[in-house]
Amino acid sequence: METQKKLRKVLKFQSLLLSQPNQSLNIARIDTLARRLGFKQYEAGDFLLKYPLIFEIYQHPVQRILFCQLTRKAILQIEEEKFALNVQISDAVTCLRKLLRLSNTGRVRLEHVRIARVEFGLPDDFEYSVILKHPQYFRLFDAEETRNKYIEISELEHEHEHDPKVLKDPNLTVCAIERLRERGYRERRVEAEDIRFAFNVKFPPGFKINKYHKIAVWKWQRLPYWSPYEDISGYDLRSIEARKRLEKRGVAMIHELLSITVEKKLTLERIAHFRMAMDLPKKLKVFLLQHQGVFYISTRGNQGKLHTVFLRDAYWKGDLVEPNDLYFARRKLVELIKMSSRKYSGGHEIGDRNFRRDRDYVDRRSFGRQNSDNSYERFAVQDKLPIDGKRGNESHSDSSVSSGSDGEGHEDSDSELDLGFGSGSTCNNSVSEGYISAEDVLVSE
């Protein structure tokens, strides 16, 4: 999660540079503007030098002052991500249609979708490219009572909902957990009765489960529940059995909400935005901790203030089980962050005392004469801070992300998210692998 914290800061700086007229910014203004992004005084300059493969410092050929801009590798990564977004417009339309159907009223606030547009794989102009371009699926309207914009299912789709002549998408109301159950039934030959209402439960390593907890989980797995896409307004929800089914339906609702995201994760605060529309429990964190075999909540990376919820069955050893092109494009920025961190850490260890002194007292006149090509190579200490350019090609030898370390000690030791899928768990094998069968409950004391 420390890598995710760095990624958020890098994305903030990227958006700041891209918002400038020439996509470059004067070094003298960076410290002032960076305070709006949450940086402390004199922290922005050190942050830029930590990532020479993403940010490049050069001297303006006319003004003779230092400017900062994105490197070629960072620009190529942004272009690749934009291309992947444009290619997956159809997937974005399906994602938004599913999100509207998860709502109990068939509508969600436009601002809530805008805040989480990156997680859902929606472009920045999704209001035009996704909503207004598909009037047969979506409709925008202003609510008079709240004065907020809402997205709702189009009336055209409501009219043809019960028309058998209209071709409908069969996967629109099929949950991801249902496809996972079907795959388990076909590949693992699990009994259909055992997995009919079961979730793929994977407890974290070291989680100890006794016999009574195991029986309770087995009973919960066999408990029937209503589908997240099913209308339950006509049911009597006052009984104890109905409340249990509603609780399991809430687990299925959050499971499906995370499944339609690009990286199968979402912050707890953004899940709370859809709490009223999806009838989720008020105490979301307590609710998710009660089902930590299905979800993983991480509080690392922002001093415990930011809670990120991961879908356990979507990850294996820190990587997505079913990745897509947009996920690969975003992973390239993470690779640049890790390679930059290793290079900066190596140079900092070699010449810690001379690093800042040489950087602060560089000869400006010789710098201007010898750097007519606007290169950043002589601005830093030579042979101590390799950068993107002549020496930057050496980074390909150690560009493997699966190494699990970025050269900053134990700070990123959990960069490859350990969601409890590997060995080392003290749980029973049937519990750690997934579904709990009836034979697992009969444990001899």
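Two parts of the chain are said to be in contact when heavy atoms lie within 4.5 Å, and it is in this sense that packing is described here for the predicted model. The buried residues of helix H9 pack against helix H10 (192-195) and helix H12 (240-259). Helix H9 itself comprises 12 residues, 176-187, and spans 16 Å from its first C-alpha to its last, close to the 16 Å expected at 1.5 Å a residue. Its buried residues are Ala 176, Ile 177, Leu 180, Arg 181 and Gly 184; viewed down the axis of H9, these residues fall within an arc of 140°, so they line one face of the helix. Just after H9, a positive phi of about 55° is found at Arg 189.

Strands of a sheet pair through backbone hydrogen bonds, in either a parallel or an antiparallel manner. In this model, three strands form an open sheet in the order S7-S9-S8, with antiparallel pairing. Strand S7 (265-267) and strand S8 (295-298) are the edge strands, each of them pairing on one side only, and the twist from one strand to the next averages 25°. The antiparallel pairing of S7 with strand S9 (residues 308-311) extends over three bridges, and Val 309 in S9 is the bridge partner of Leu 266. Helix H12 packs on this sheet, where it touches S7, S8 and S9, and the direction of H12 makes about 90° with that of S9.

These elements belong to a protein chain with 20 helices and 11 strands. Of its 445 residues, 49% count as buried, and the chain exposes about 24,300 Å², of which carbon and sulfur atoms supply 49%.

Methods
Residues are numbered from 1 along each chain as its sequence is written. This is a predicted model: local features need pLDDT of at least 70, side-chain atom pairs count only at pLDDT 80 or more; totals for chains, interfaces and linings use all residues. Side-chain values use heavy atoms; hydrogens and water are left out. Helices (H or I, at least four residues) and strands (E, at least two) are DSSP runs, numbered from the N terminus. The expected span of a helix is 1.5 Å times one less than its number of residues. Buried means under 20% relative accessible area, exposed over 50%, partly exposed in between (1.4 Å probe, protein chains only). The arc is that of the directions from the helix axis to the C-beta atoms. Accessible areas come from the Shrake-Rupley method with a 1.4 Å probe; for residues, only the protein chains shown count as cover. Two strands pair if DSSP finds at least two bridges between them. Axes are lines fitted to C-alpha atoms, for helices over the stretch in contact, and angles run from 0 to 180 degrees between N-to-C directions.
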